[in-house]
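Visitor: I would like to go through this model and ask what lies behind the labels.
Guide: Go ahead.

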Amino acid sequence: MHKKLFIPGPVEVRPDVLEKMATPMIGHRGKPASKLQRDISDKMRKLFYTEEEILLSTTSGSGLMEGAIRSCTAKRAAVFSVGAFGDRWYEMATTNNVPADIFKSEDGKPTTPEMVDEALKTGKYDLVTVTHNETSAGLMNPVEEIAEVMKKYPDVVWCLDTVSSAAGSKIEVDKLGVDICITSTQKAIGLPPGMAICTMSKKAVERAKQVPHRGLYLDLLSLYDYIQKKDYQYPSTPSLSHMYALDYQLDRIMEEGLDNRFNRHIEMAEVVRAWAREHFEIFPDERYLSNTLTNVKNTRNIDVADLNKKLGERGFQIANGYGKLKDKTFRIAHMADCQMEDIKELLAVMDEILGF
Ligand SMILES: Cc1ncc(COP(=O)(O)O)c(C=O)c1O
């Protein structure tokens, strides 16, 4: 039996979107391939509210995260972490020999504008990474406030991880001043895993030109240059199957309307939060809650694995806590094409299993 996924990626993918993955292949050096990739870039610009360039990568989001920190740090990176995926960005820096420092927040607490200001005023850093939506914590950082601080440091390249929030929460890249905004296909966009997408500002392009060892496959500058010269084609063979599905899904997203989509995510989040407050507690600071997933503190000490086993028997799957939070929290995702009735159905089944 297929289990309906309420995990924070991969997510349920609509059958019509899945079908697009089975579109017959075309050559990746022809005009139809250019058109497909150009169309996706135009639509992604709308989703990210940007005029800047879009890069596609046949990797998951981690590929572009690693590519960004390696390609665009000339001096030293300041990595702000509110959980596992922030920590991962620091590991990507150190394993690539990119000088970096990590600034960690307490569990469940955000990256604050003050933390960013404190670090940047030392003048040591020329690149900053921030997690927009930390999937391990269920926390959404105050990026509008962080953006105010970033405006004081116009030479610093700002990388933002929106892997689990893009297409589920409004992220106005140009207004915020984000230089590289990264996401993956398998979360709020609602596609299978296997592709990553980012924006790249001219500032980031100029910076990459000053970095001598950017690697090859994930060199953001070479991807950028190639699509300029070859009309949106890429140096290596991309996952055209993902592109067919992404192009189609972006049309669906625009048909729904971006604001309607973001509001749907907020409404689903509010229902799950209310349920969590009634029966448990919410893990992160309530002022910084994610709209795409809810991280529930396991205050009743329930057996999360057993709950998921029973949910599985009924055709549902949620996520346990991430890493050190494995049994201390559990996570319910409400993203992509998940609808309110799906959430209500899940919560009713959880009520029945837990005896609420
Ligand atoms: C916030 C966040 N950043 C980064 C990643 C890594 O993305 P990917 O698995 O697409 O490489 C994830 C994956 O869950 C994530 O949730």
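Visitor: Why is S201 called buried?
Guide: This is a predicted model, and the label rests on a computed value. Buried means under 20% relative accessible area. S201 has 5% relative accessibility, so it counts as buried. S201 is found in the loop between β10 (196-200) and α8 (202-209).

Visitor: What makes the pair S201 and D179 a polar contact?
Guide: The cut-off for a pair of N or O atoms is within 3.5 Å. The side chains of S201 and D179 are joined at 2.7 Å, and the pair is counted as a polar contact.

Visitor: Why is R14 called partly exposed?
Guide: Partly exposed is the range between the buried limit of under 20% and the exposed limit of over 50%. R14 has 34% relative accessibility, so it counts as partly exposed. R14 lies in the loop between β1 (4-5) and α1 (15-20). The C-alpha atoms of R14 and L191 are separated by 8.3 Å, although the two are 177 residues apart along the chain.

Visitor: Why does G323 get the label exposed?
Guide: Exposed means over 50%. G323 has 52% relative accessibility, so it counts as exposed. The place of G323 is in the loop between β14 and β15. From C-alpha to C-alpha, G323 and A84 are 7.7 Å apart in space, while 239 residues apart in sequence.

Visitor: Why is strand β8 described as largely enclosed by the rest of the structure?
Guide: Five of the five residues of β8 (residues 157-161) are buried, and therefore the strand is largely enclosed. Both faces of β8 are covered. V157, C159 and D161 are buried on one side, and W158 and L160 are buried on the other.

Visitor: How do you know which strands pair with β8?
Guide: Two strands pair if there are at least two bridges between them. Five bridges join β5 (residues 127-131) to β8, and these strands run parallel. T131 stands opposite D161 in β8. Three bridges link β8 and β9 (residues 180-184), also in the parallel sense. In β9, C181 is the bridge partner of L160. Both bridge counts, five and three, meet the requirement of at least two.

Visitor: What makes β12 a mostly covered strand?
Guide: Four of the five residues of β12 (residues 293-297) are buried, and each of those four has under 20% relative accessible area.

Visitor: How do you know that β12 pairs with β11 and with β15?
Guide: The requirement is again at least two bridges. Two bridges join β11 (residues 281-282) to β12, and that count meets the requirement. Five bridges join β12 to β15 (residues 329-333). Each of these pairs runs antiparallel, β11 with β12 and β12 with β15. The bridge partner of E281 in β12 is K297, and the bridge partner of N295 in β15 is R331.

Visitor: What makes β11 and β14 edge strands?
Guide: The open sheet of four strands has the order β11-β12-β15-β14, with antiparallel pairing. β11 and β14 (319-320) each pair on one side only, and they are the edge strands.

Visitor: What places a residue in the surroundings of the ligand?
Guide: The ligand is surrounded by 14 residues, and the closest are S60, S62, T135, D161 and K187. α3 (61-72) and α4 (84-95) each supply at least two residues of the shell. The most comes from α3, with three residues.

Key: Residues numbered from 1 in each chain as written. Predicted model: local features only at pLDDT ≥ 70, side-chain atom pairs only at ≥ 80, totals over all residues. Heavy atoms only, no water. Buried < 20%, exposed > 50% of the residue type's maximum accessible area, 1.4 Å probe, protein only. Near = heavy atom within 4 Å. Polar contact = N/O pair within 3.5 Å; in protein donor to acceptor, adjacent residues only side chain to side chain.
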